[in-house]
Amino acid sequence: EVDLAKFTDVNHLRARLKIYQTCYNCIRPYENLGGSTPAEVYMGNQPKGNAKLVAGWNGVLLGFFFPD
């Protein structure tokens, strides 16, 4: 269940859902997938490192960093 009162507008909600989707599919490893993420399995790639959520300017800039 999503508490819509926590979002300032539809674009804010969409941005937060995109972050959740990216984390769920591209960052969070799954034991039943051999420690890979769904995106890695789908693309046939092996894990290359742990992604980190980074933010700047008090959350204005927000994204994921994939170190080598």
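This is a predicted model: local features need pLDDT of at least 70, side-chain atom pairs count only at pLDDT 80 or more; totals for chains, interfaces and linings use all residues.
This report describes the overall layout of one protein chain and then turns to several of its residues.

**Overall picture**

The protein chain averages a pLDDT of 78, and 79% of the residues reach a score of at least 70. Confidence is highest in α1, at 86, whereas strand β2, which covers residues 61-65, has the lowest mean, at 71.

The secondary structure of the protein chain consists of two helices and two strands, and these elements follow one another along the sequence in the pattern α-α-β-β. Of the 68 residues in the chain, 12% count as buried. The accessible surface of the chain comes to about 5,900 Å², and carbon and sulfur atoms account for 56% of that surface. When contacts between residues at least 6 apart in sequence are considered, 16% of them join residues that are at least 24 apart.

**Tyrosines and their rings**

The structure holds two aromatic pairs. In one of these pairs, the ring centres of tyrosine 24 and tyrosine 30 are 5.7 Å apart and the ring planes stand at 75 degrees, so the pair is classed as edge-to-face, given that an angle over 60 degrees is what this class requires.

Tyrosine 24 itself lies in helix α1, and, leaving aside residues up to four places away in sequence, tyrosine 24 touches Tyr30 and Pro38.

**Two threonines**

Threonine 37 is found in the loop between α1, residues 10-27, and α2, residues 38-43. Threonine 37 is buried because its relative accessible area is 3%, which falls under the 20% limit for that class. Which residues does threonine 37 touch, not counting residues up to four places away in sequence? The residues in contact with threonine 37 on that basis are Asn25, Cys26, Ile27, Arg28, Pro29 and Tyr30.

Threonine 22, by contrast in location, has its place in helix α1, and threonine 22 is also buried, with a relative accessible area of 18%. A polar atom in the side chain of threonine 22 lies 2.9 Å from the backbone oxygen of lysine 18.

**Cysteines**

The structure holds zero disulfides. Cysteine 23 is in no disulfide, and the nearest cysteine sulfur, which belongs to cysteine 26, is 9.2 Å away, whereas a disulfide would require the two sulfur atoms to lie within 2.5 Å. Cysteine 26 is likewise in no disulfide, its nearest cysteine sulfur being that of cysteine 23. Cysteine 23 is partly exposed, with a relative accessible area of 33%, and cysteine 26 counts as partly exposed at 34%.

**Accessibility side by side**

The table gathers the relative accessible areas of the residues discussed above.

| Residue | Relative accessible area | Class |
|---|---|---|
| Threonine 37 | 3% | buried |
| Threonine 22 | 18% | buried |
| Cysteine 23 | 33% | partly exposed |
| Cysteine 26 | 34% | partly exposed |

Methods. Residues are numbered from 1 along each chain as its sequence is written. Side-chain values use heavy atoms; hydrogens and water are left out. Rings of Phe, Tyr and Trp (its six-membered ring) pair if their centres lie within 6.5 Å; planes under 30 degrees apart count as stacked, over 60 as edge-to-face and the rest as tilted. Helices (H or I, at least four residues) and strands (E, at least two) are DSSP runs, numbered from the N terminus. Buried means under 20% relative accessible area, exposed over 50%, partly exposed in between (1.4 Å probe, protein chains only). Contact means heavy atoms within 4.5 Å. pLDDT is the predictor's confidence in each residue, from 0 to 100. Accessible areas come from the Shrake-Rupley method with a 1.4 Å probe; for residues, only the protein chains shown count as cover. A polar contact is a pair of N or O atoms within 3.5 Å; within protein, one must be able to donate a hydrogen and the other to accept it, and residues adjacent in sequence count only if both atoms are side-chain atoms.
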